[in-house]
Amino acid sequence: MTTTPSERGVSLGMPQLPAPAYPDEVRARLETDAREIIARYPDSRSALLPLLHLMQSEEGHVTRTGMRFCADVLGLTTAEVTAVATFYSMYRRRPSGDYQVGVCTNTLCAVMGGDAIFEELQEHLGLGNGETTEDGKVTLEHIECNAACDFAPVVMVNWEFFDNQDPQSAKRMVDDLRAGRPVAPTRGATLCTFKETARILAGFPDERAGAVDATGSAGPASLAGLKLAKGEASPARVVHPRGEAPQDTPPHDPSPAEHLSSHDAPQDTPPHDPSPAEHLSSHDAPQDTAASDPAHPSPTTTRDGEAPPRPSGSAGPTAEEGE
């Protein structure tokens with residue numbers, strides 16, 4: 001018994017027909033928006049990324065018709081547009097839901113429960129990665145790091161943050177989205193649909209009330225390093241198991257004798273003479289030297305590669321000399 005190539009699922013490599021054009025009224029509206037976007041750039045080709053977002057705002061994903069439109073208005077080939085549209089994961093290639101629910105499964109979020117959230121949402125919604133509910137409301141996907149590690153595990157809906165989630169809170173959130181109940185991010189602007197988000201990403205004004213003033217900035221843990229770099233010492237925080245309230249502890253003010261590392265000990269350096277309490281990072285502290293801190297001679301070699309002189313009165317071999 002023989003089968004035809006189509007029955008065996010084999011393509012004969014027939015060329016695909018050109019993508020259909022938008023209806024005249026839709027094309028005219030998109031051309032007006034496209035001219036506004038292109039005018040922002042000295043080279044029209046640079047407008048391709050926001051134009052692809054504009055296409056998503058029209059149909060919810062980047063279609064072949066959308067790519068043909070971008071090629072036409074920018075004077076590019078459809079192959080050039082397709083190469084860009086398929087490279088970036090932010091451009092959807094197939095129909096998706098009103099709400100893109102992305103669960104971070106990168107290292108820290110995964111360890112803190114992101115993997116469990118993603119698995120339970122898959123079972124709860126009956127979806128695989130990148131699939132959409134039958135009502136067209138929710139598309140579920142796992143996503144890479146969104147630079148919100150101090151709020152792990154993090155779920156994003158149309159790129160708005162839902163911090164410190166667990167499987168139960170995530171399931172309530174997607175149920176509310178599907179039922180049309182109000183859902184508020186833990187920070188940042190109020191939610192809007194994916195098409196509306198795409199238009200904002202294309203560079204058009206965000207018309208949500210209060211959205212521009214809403215903040216989705218980093219949290220205290222993310223900004224700790226910046227504060228230290230600016231010399232703004234803050235009390236250390238003791239991290240307790242999940243569910244227990246963190247406690248503040250007074251800042252530790254080490255004396256010179258407490259420095260256990262050559263990176264921690266102070267050294268007089270004009271014009272600024274930092275006190276030991278200021279050295280909260282090994283990158284900020286000057287290096288120990290025998291001259292500046294006889295109690296802690298430097299174990300490093302000299303610039304000529306020779307071992308530093310041993311302090312007078314010391315007994316026994318150095319670490320470099322062995323026993």
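The model is predicted, so local features need pLDDT of at least 70 and side-chain atom pairs count only at pLDDT 80 or more, while totals for chains, interfaces and linings use all residues. Residues are numbered from 1 along each chain as its sequence is written, and side-chain values use heavy atoms, with hydrogens and water left out.

**Overall build**
- The protein has eight helices and seven strands; these are DSSP runs numbered from the N terminus, with helices being H or I of at least four residues and strands being E of at least two.
- Out of 323 residues, 32% count as buried (buried is under 20% relative accessible area, exposed is over 50%, partly exposed is in between, using a 1.4 Å probe and protein chains only).
- Take the contacts (heavy atoms within 4.5 Å) with a separation of 6 or more: residues 24 or more positions apart account for 57% of them.
- The accessible surface is about 19,800 Å², and 54% of that belongs to carbon and sulfur atoms (Shrake-Rupley method, 1.4 Å probe; for residues, only the protein chains shown count as cover).

**Cavities**
- Rolling a probe the size of a water molecule over the atoms shows where empty space is left.
- On a 1 Å grid over the protein atoms alone, a cavity is a set of points where a 1.4 Å probe fits but cannot get out, a pocket is an open set with protein on both sides within 12 Å along at least five of seven lines, and lining residues have an atom within 4 Å of a point.
- The structure holds two cavities of 30 Å³ or more, where volume is the space filled by probe spheres set on the points, and points are joined across faces, edges and corners.
- The largest cavity comes to about 50 Å³, and its lining includes Arg92, Glu141, Met156 and Trp159.
- β1 (99-104) and β3 (138-143) each give that lining at least two residues, with β1 supplying the largest share, three residues.
- By class, the lining of the largest cavity has four nonpolar, three polar and two charged residues (Ala, Val, Leu, Ile, Met, Phe, Trp, Tyr, Cys and Pro are nonpolar, Asp, Glu, Lys and Arg are charged, and the others, Gly among them, are polar).
- The second largest cavity has about 40 Å³ of space, and its lining splits into seven nonpolar, one polar and no charged residues.

**Cysteines**
- Cys104, Cys109, Cys145 and Cys149 are among the residues lining the second largest cavity.
- Even so, the disulfide count is zero, a disulfide being a pair of cysteine sulfur atoms within 2.5 Å.
- For Cys104, the nearest cysteine sulfur is that of Cys109, 3.7 Å away; Cys104 counts as buried because its relative accessibility is 4%.
- For Cys145, the nearest cysteine sulfur is that of Cys149, 3.9 Å away; Cys145 is partly exposed, with a relative accessible area of 43%.

**Second largest pocket**
- This pocket holds about 330 Å³ of space.
- It is lined by 17 residues, and the closest to its centre are Ser89, Arg92, Gly130, Glu141 and His142.
- β3 gives the largest share of the pocket lining, four residues.
- The pocket lining has five nonpolar, seven polar and five charged residues.

**Glu160**
- Glu160 sits in strand β5 (residues 160-162) and counts as buried because its relative accessibility is 14%.
- Glu160 and Thr190 are 30 residues apart in sequence, yet 8.0 Å apart in space, C-alpha to C-alpha.
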